[in-house]
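Subject: Two-chain model, handover and findings

Hello,

The structure you asked about is below. My notes on what was found follow it.

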Amino acid sequence: MAAEPIIDVQHLEHTYMKGTPFVHQALTGVSITVYSGECVAIIGHTGSGKSTLVQHFNGLILPQKGKVIVDGADLSDKKTDMKGLRQKVGLVFQDPESQIFESLVGDEIAYGPFKMGWPIKDVRDAVKGAMEMAGLPFDAMKDRPTAALSGGQKRKVALAGVLALKPKILVLDEPTAGLDPRSGMELLGRLKTLNEQEHLTIVFISHHLEEVAYLADRIYVLDHGKNIGEGSPATLFSNKKMLEKYRIGTPETVDILYRLQDAGFSVNVAHYGIAEVASQICSILEHGPRRDRYDTV
Amino acid sequence: MTRFEWSRKITIGHYIPIDSIIHRLDSSCKLLGFTVLIVAIAFCNSYFGNVLFFTFALFLFVLSRLPIRYGLSGIKPAIPFMVILAVLQLLFYGGGVTASGTVYIHYSFLLITSDSVRLVVVSAMRFVEIILVSSVLTLSTPETELMHGMERLLKPLKYIRFPVHQFSLIIMIAVRFVPTFAMEMEKLMKAQASRGAAFGTGRWWQIIRRTKDMFPLMIPLFRSAMARADDLVLAMECRCFVPGQSRTTYRRGKARSRDFSFLLIIIGFSLFALFYPFPG
């Protein structure tokens with residue numbers, strides 16, 4: 001992994017509705033760094049400032065206090081080219097299918113490239129590439145009406161609409177929320193491929209620890225507008241104290257390992273992958289159940 | 001400050017839960033009082049009367065312990081309209097049928113008199129006063145209270161078969177969803193801006209381009225409004241709402257002497273500011 005930071009946030013603060021009775025400080029000093037080619041998850045409770053933070057990445061919110069540097073561009077600098085920045089940083093909002101407005105799939109995905117003023121041939125190529133990356137066959141889908149798509153397909157269209165801009169960084173706010181489990185898994189698989197094969201830097205927000213364990217190289221934990229923890233899923237999930245203090249849920253596999261640990265079995269919580277957990281359970285079964293537990297039954 | 005914080009620009013219709021004399025008033029008396037005040041402002045033609053109403057509006061803010069700056073910020077979006085209106089009135093009113101007063105400038109069709117100047121100043125003031133007064137009302141009263149207040153006020157109309165309850169419900173739903181749609185709009189603008197849309201960069205004469213820029217907002221906004229309406233209907237029917245059926249209410253507003261004296265003060269003040277022969 002290249003060790004070159006592509007997003008660098010230092011002591012960022014943000015206050016909503018300044019000067020009104022509804023004033024609310026969403027960020028109270030966040031510092032995070034994302035390296036090029038990484039897949040970073042941001043987790044935290046509702047209202048911990050996750051969405052506010054990621055909207056800084058493409059300049060939808062400008063830093064009030066603190067510093068945000070994205071791919072060498074300082075966002076506090078008024079001369080920063082916002083359009084260029086938004087092309088580089090693709091932001092997929094929560095529930096992105098509600099923002100679809102064109103009647104045909106192809107037109108919807110081409111909206112961004114057209115806005116960038118690319119020539120028609122480039123737009124066509126970008127749309128084709130984006131659709132394939134999102135898992136939509138170009139020839140079969142480009143002329144379908146958007147209104148007739150299923151929820152999962154609509155989300156793919158929305159994702160393709162952002163990918164068509166050929167971003168270097170993809171930021172997603174709860175990418176699988178509201179999808180059925182199968183479409184959700186498929187989408188995660190796509191994101192993993194994008195990260196591993198297209199070397200896209202991915203930052204995503206999630207409440208779903210399974211999906212974090214599956215996808216993320218590194219995790220940042222946010223609480224009350226501050227980052228309070230950082231690390232690989234393995235180190236974070238084995239930090240039981242922190243998990244309990246901030247009441248972060250754990251993936252089911254980690255949960256099982258902790259329960260086995262509490263019951264007196266020696267297991268390694270850092271190996272929380274489904275296959276790894278299965279083999280750990282198998283090895284326990286091979287050695288037989290512990291006598292003392294079953295004697296009392 | 002970002003360019004996308006829409007919801008903070010709309011101060012009308014966002015209840016602020018604090019406690020004050022104005023907050024505690026019975027909603028139907030309050031509604032009636034504020035209506036009288038607004039009508040009186042709309043008819044007030046004198047400089048002096050308007051200064052009085054303006055002072056009174058500010059006084060209401062103090063009395064209701066609402067932050068004045070917040071109320072004033074609600075005027076900002078109306079400023080372009082006020083300016084255009086003022087210019088039109090200044091240029092074209094003087095030559096009207098009712099033209100009178102001292103002539104200041106007379107050049108071909110252009111006729112500016114003391115009357116037209118007064119009209120310009122007074123209508124701008126009235127605009128501001130009405131925004132302030134209605135802000136006090138909506139900032140200090142929850143939407144449901146407003147609806148119940150209106151329903152009680154309009155009750156007599158039931159005898160001529162006016163659908164009072166439905167009517168107040170429509171108004172309440174409309175007011176209730178203003179901030180919601182502002183937020184939705186904000187979200188849509190952000191999403192489309194992320195895809196390269198640049199709102200408000202077209203020059204003012206590029207009307208077609210600026211209108212086209214709005215399509216990516218209007219279509220999803222309409223769609224979500226429709227979806228919301230559908231959901232709302234279902235939710236209400238699930239909770240046994242039948243249009244036109246008689247309903248009881250959880251809170252029964254009962255006007256007390258305090259509320260009546262508030263009403264009397266407002267009416268008295270309005271009459272004074274409207275009809276007292278001020279000099280000038």
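A residue is called buried here if 20 or more other C-beta atoms lie within 10 Å of its own, exposed if 12 or fewer do, and partly exposed in between, with C-beta atoms placed from the backbone. On that basis, 28% of the 280 residues in chain B are buried, and in chain A buried residues make up 41% of the 297.

Please note that this is a predicted model, in which local features need pLDDT of at least 70 and side-chain atom pairs count only at pLDDT 80 or more, while totals for chains, interfaces and linings use all residues. Residues are numbered from 1 along each chain as its sequence is written, and chains are lettered from A and ligands numbered from 1 in the order in which they are written.

Chain A overall

Chain A has 13 helices and ten strands; helices (H or I, at least four residues) and strands (E, at least two) are DSSP runs, numbered from the N terminus. The C-alpha trace of chain A spans about 75 × 50 × 40 Å along its principal axes. Chain A is divided into domain 1 (1-80 + 198-249), domain 2 (85-173) and domain 3 (251-297), with bounds that come from an automatic or database domain assignment. Between the C-alpha centres of domain 2 and domain 3 of chain A there are 45 Å.

Two residues are in contact if their C-beta atoms, placed from the backbone, lie within 7 Å. Of the contacts in chain A between residues at least 6 apart in sequence, 66% join residues at least 24 apart. For chain B, the corresponding figure is 78%.

Interface

The two chains meet through 26 residues of chain A and 23 residues of chain B. On the chain A side, helix H2 (82-88), helix H3 (105-115) and helix H6 (151-163) are the elements that give two or more residues. The residues of that side divide into 14 nonpolar, nine polar and three charged. In this classification Ala, Val, Leu, Ile, Met, Phe, Trp, Tyr, Cys and Pro count as nonpolar, Asp, Glu, Lys and Arg as charged, and the others, Gly among them, as polar.

Cores

A nonpolar core is a set of buried Ala, Val, Leu, Ile, Met, Phe, Trp, Tyr and Cys residues joined through C-beta atoms within 7 Å. The largest such core has 77 residues, and A:Ala160, A:Val171 and A:Val203 have the most contacts inside it. Leaving aside neighbours within four places in sequence, A:Ala160 is in contact with A:Ile109, A:Ala130, A:Met131, A:Ala134 and A:Leu136. A second, separate core has 29 residues, including B:Ile22, B:Leu37, B:Leu66 and B:Val133.

Chain B

Chain B contains ten helices and two strands. From the N terminus on, its elements run α-α-α-α-α-β-β-α-α-α-α-α.

Helix H2 (residues 27-43) and helix H7 (residues 143-154) of chain B pack at an angle of about 80°, with their axes 8 Å apart. The axes are lines fitted to C-alpha atoms, for helices over the stretch in contact, and angles run from 0 to 180 degrees between N-to-C directions. H2(B) is therefore roughly perpendicular to H7(B), on a scale where angles under 35 degrees count as roughly parallel, over 145 as roughly antiparallel, 65 to 115 as roughly perpendicular and the rest as oblique. From H2(B), the contact involves B:Ser27, B:Ser28, B:Lys30, B:Leu31 and B:Leu32, which meet B:Glu145, B:Leu146, B:His148, B:Gly149, B:Met150, B:Arg152 and B:Leu153 in H7(B). By class, this contact has five nonpolar, four polar and three charged residues.

B:Ser116 is in helix H6 (residues 114-140) of chain B and is buried, with 24 other C-beta atoms within 10 Å. B:Ser116 and B:Leu91 are 25 residues apart in sequence, and their C-alpha atoms are 8.6 Å apart.

Individual residues in chain A

A:Gly59 lies in the loop between helix H1 (50-57) and strand S4 (65-70) of chain A. With 24 other C-beta atoms within 10 Å, A:Gly59 is buried. Not counting residues up to four places away in sequence, A:Gly59 touches A:Leu75, A:Met82, A:Leu85 and A:Arg86. The C-alpha atoms of A:Gly59 and A:Leu75 are separated by 6.8 Å.

Most residues other than glycine have a negative phi. A:Asp71, in the loop between S4 and strand S5 (73-74) of chain A, has a positive phi, near 50°. A:Glu174, in the loop between strand S7 (169-173) and helix H7 (181-197) of chain A, has a positive phi near 45°. A:Asp71 is partly exposed, with 17 other C-beta atoms within 10 Å, and A:Glu174 counts as partly exposed with 19 C-beta neighbours inside 10 Å.

Regards
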